[in-house]
Amino acid sequence: MADDILRTIDTLVAEEHRLREQAPGKGLGAEERARLQDLEQRLDQCWDLLRRRRAGAESGEDPERVEPRPVAEVESYEQ
């Protein structure tokens, strides 16, 4: 399952990089900015899920039982 999450992260990061490469010089349109924000939120959600599943596996819990948290919850974390 971690491999699936990592593949998703790789796909999202690749799309994020493509969008960011378009920005220099001409900037991003409203649609691209919205997509970039969505990508950033989904990446945060994926990283959170991966960390929680790995922690669960290390403590003997079934990592498959860990579900993604809502974006609003993940985005409200403080570093």
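Leaving aside neighbours within four places in sequence, which residues is Glu-16 in contact with? In this predicted model, Glu-16 is in contact with Leu-36, Leu-39, Glu-40 and Leu-43 once those neighbours are set aside. Glu-16 itself lies in helix α1, while Leu-36, Leu-39 and Leu-43 are listed with the buried residues of helix α2. The points below take up the fold as a whole, then the helices and a few single residues.

**Overall architecture**

- The protein chain is built with three helices and zero strands, and its elements follow the pattern α-α-α when read along the sequence.
- The radius of gyration of this chain is 15 Å, well over the 12 Å given by the globule rule for 79 residues, so the chain is more spread out than a compact globule.
- Along its principal axes, the C-alpha trace of the protein chain spans about 50 × 25 × 20 Å.
- Among contacts in the protein chain with a separation of 6 or more, 54% are accounted for by residues 24 or more positions apart.

**Surface and charge**

- Of the 79 residues of the protein chain, 22% count as buried.
- The protein chain exposes about 5,700 Å², and carbon and sulfur atoms supply 47% of that area.

**Helix α1**

- Helix α1 has 25 residues and reaches 37 Å from its first C-alpha to its last, which is close to the 36 Å expected at 1.5 Å a residue.
- The buried residues of α1 are Ile-5, Ile-9, Leu-12, Glu-16 and Leu-19, and these buried residues pack against α2.
- Glu-16 counts as buried because its relative accessibility is 13%, below the 20% cut-off.
- Gly-25 is also found in helix α1, but this glycine counts as exposed because its relative accessibility of 91% is over the 50% cut-off.
- Gly-25 and Leu-50 are 25 residues apart in sequence, and their C-alpha atoms are 35 Å apart in space.
- After α1 comes Gly-27, whose phi is positive, near 75 degrees.

**Helix α2**

- Helix α2, covering residues 30–58, has 29 residues and reaches 42 Å from its first C-alpha to its last, close to the 42 Å expected at 1.5 Å a residue.
- The buried residues of α2 are Leu-36, Leu-39, Leu-43, Cys-46, Asp-48, Leu-49, Leu-50, Arg-53 and Gly-56, a list that includes the charged residue types Asp and Arg.
- These buried residues of α2 pack against both α1 (2–26) and α3 (71–75).
- An α-helix has 3.6 residues a turn, so residues three or four places apart point the same way.
- Just after α2, Gly-60 takes a positive phi of about 85 degrees.

**Asp-48 within α2**

- Asp-48 has its place in helix α2, and this residue is buried because its relative accessible area is 5%, under the 20% cut-off.
- Not counting residues up to four places away in sequence, Asp-48 touches Arg-69, Val-74 and Tyr-77.
- Of the residues that Asp-48 touches, Val-74 falls within the range 71–75 given for α3.

Methods
Residues are numbered from 1 along each chain as its sequence is written. This is a predicted model: local features need pLDDT of at least 70, side-chain atom pairs count only at pLDDT 80 or more; totals for chains, interfaces and linings use all residues. Side-chain values use heavy atoms; hydrogens and water are left out. Helices (H or I, at least four residues) and strands (E, at least two) are DSSP runs, numbered from the N terminus. The expected span of a helix is 1.5 Å times one less than its number of residues. Buried means under 20% relative accessible area, exposed over 50%, partly exposed in between (1.4 Å probe, protein chains only). Contact means heavy atoms within 4.5 Å. The radius of gyration is taken over C-alpha atoms; the globule rule is 2.2 Å times the number of residues to the power 0.38. Accessible areas come from the Shrake-Rupley method with a 1.4 Å probe; for residues, only the protein chains shown count as cover.
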